[in-house]
Amino acid sequence: MSTGTTVDRALETALYTDEDALLDTAASLLAADRSADAELARRGEEFVRRAWERGWQPADLVRLVRRDLAEEHVRLAGVLIAAETAGYAHLPHRWAAQLADLDTKPARGADRFSSATTTLELYRLLVRLPSLEPVGPVPGDALPAPAAGEPRMLTRVRALLAKAEATGYPEEAEALTAKAQELMARHSLDEAALASRTPSGDVPGALRVGVEPPYEQAKAILLDAVATANHCRAVWNEPYGFSTVVGFEADLDPVELLYTSLLVQGTAAMTRAEAEQRAGGRRRTKSFRQSFLLAYANRLGSRLAATARRVSAEEPTLLPALRSREAAVTSHTDEMFPRTRTTRVRAMWDEAGWSHGTTAANAAGLGRAGQGEVEGG
């Protein structure tokens with residue numbers, strides 16, 4: 001029996017059914033034919049390539065595999081993704097960080113039947129992937145020459161937020177986060193000013209940000225608040241665990257950075273608040289954590305909006321340019337997602353959690369460092 005025939009028979013038997021008996025039959029075929037290994041791996045790389053054509057990116061794929069399968073499937077997916085992408089001279093610029101996060105260590109100690117079963121289970125998932133709204137080019141498309149390094153502003157924001165996350169002093173974290181937000185807001189104004197003076201045909205783009213359990217609804221609300229305050233829009237895809245942020249290129253990466261940092265800071269504050277609750281004799285509860293994060297996201301949304309208005313008001317001549325860019329973002333979002341709908345918050349109420357979450361949001365520095373905010377929320 002030829003290698004191709006073994007692989008073809010195994011895939012035809014197992015990939016388009018959920019029956020365990022057929023999966024076992026196909027795994028037995030592959031386990032018995034060592035010469036099929038190379039062809040089987042090549043077919044996996046083809047399935048990965050089809051995923052790119054359907055709008056998926058490496059981080060999206062790994063996130064889904066981790067959610068629906070097991071760690072051995074995640075490792076295999078990493079190996080296949082690394083092998084498939086290695087053949088391209090250039091990759092979309094956000095892919096480098098996603099590829100760097102891959103676990104590409106092959107599983108050790110599994111027998112051939114178990115390895116074949118893992119492979120077929122992963123391939124079942126890959127062949128059933130739906131199409132997603134594209135958020136950038138796929139490997140193989142004509143790509144612009146990659147920029148050398150990241151913009152200086154983004155490097156400074158990244159450094160400030162890293163310090164804010166690491167410090168054990170809330171006042172220092174507040175000042176550092178405030179400075180990062182100030183840089184982001186002023187950079188966005190500078191971009192709007194440049195676009196108004198020298199129109200370049202720049203159009204909105206998009207990126208995906210993982211929004212995963214637990215408490216994913218609160219996290220999606222927080223990301224939406226960060227995106228909206230920074231002239232972007234966020235659309236949550238709950239089934240696949242991500243939000244798509246739509247905006248001009250200069251705003252997209254800073255939004256992801258600030259969201260990630262605020263989530264880290266909020267989680268740390270929630271842990272501290274839970275410790276206080278336990279010290280007072282109260283057990284830690286899911287409703288406390290959920291209410292905490294919802295309050296944190298709600299209050300930060302108000303503070304972010306107030307800060308954005310304050311910074312924009314300092315350059316009133318640029319308001320028409322900002323509104324024009326925001327209108328372009330809204331139009332592009334509507335084109336990408338013509339059937340979006342609002343979702344009601346599903347949460348268990350905990351008054352103490354809400355109070356602590358609001359307090360934590362008030363402590364997150366978003367206004368001008370060293371000064372109070374212009375508006376309350």
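Modeller: Ala 77 is found in helix α5, residues 71-85. Helices (H or I, at least four residues) and strands (E, at least two) are DSSP runs, numbered from the N terminus. This is a predicted model: local features need pLDDT of at least 70, side-chain atom pairs count only at pLDDT 80 or more, and totals for chains, interfaces and linings use all residues. Residues are numbered from 1 along each chain as its sequence is written, and side-chain values use heavy atoms, without hydrogens or water.

Ala 77 has a relative accessible area of 4%, so the residue is buried. Buried means under 20%, exposed over 50%, partly exposed in between, with a 1.4 Å probe and protein chains only. Leaving aside residues up to four places away in sequence, Ala 77 touches Val 65 and Leu 122; contact means heavy atoms within 4.5 Å. Arg 66 lies eleven residues from Ala 77 along the chain, and their C-alpha atoms are 9.6 Å apart.

Follow the Leu 122 side. Leu 122 belongs to α7 and is one of its buried residues. The others include Ala 116, Thr 117, Thr 118, Thr 119, Leu 120 and Tyr 123. Also buried in α7 are Arg 124, Leu 125, Leu 126 and Val 127.

Now the wider setting. The protein has 14 helices and three strands. Of its 377 residues, 46% are buried. Take contacts between residues at least 6 apart in sequence: 80% of them join residues at least 24 apart.

Next, α10. Ten of its 14 residues are buried, so this helix is mostly covered. Among the buried ones are Gln 217, Ala 218, Lys 219 and Ala 220. Leu 222, Leu 223, Ala 225, Val 226, Ala 227 and Ala 229 are buried too. Their cover includes the strands β1 (205-210), β2 (233-237) and β3 (242-247). It also includes the helices α11 and α12.

The axes of α10 (residues 216-229) and α12 (residues 286-313) come within 9 Å and cross at roughly 0°. Axes are lines fitted to C-alpha atoms, for helices over the stretch in contact, and angles run from 0 to 180 degrees between N-to-C directions. On the α10 side, the contact uses Ala 218, Ile 221, Leu 222, Ala 225, Val 226 and Ala 229. From α12 come Leu 293, Leu 294, Tyr 296, Ala 297, Leu 300, Gly 301, Leu 304, Ala 305 and Ala 308.

The loops on either side of α10 deserve a check. Pro 214 sits in the loop between β1 and α10. A cis peptide bond joins Pro 213 to Pro 214, with omega about 0°. Tyr 215 is in the loop between β1 and α10. Tyr 215 is not a glycine, yet its phi is positive, about 60°. Its relative accessibility is 12%, so Tyr 215 counts as buried. Just after α10, His 231 takes a positive phi of about 65°. His 231 is found in the loop between α10 and β2. At a relative accessible area of 13%, His 231 is buried.

One more helix pair, this time with α11. Helix α8 (residues 152-166) packs on α11 (residues 249-279) at about 5°, with the axes 10 Å apart. Met 153, Leu 154, Val 157, Arg 158, Leu 161, Ala 164 and Glu 165 make the contact from α8. Asp 253, Pro 254, Leu 257, Leu 258, Ser 261, Val 264 and Gln 265 make it from α11.
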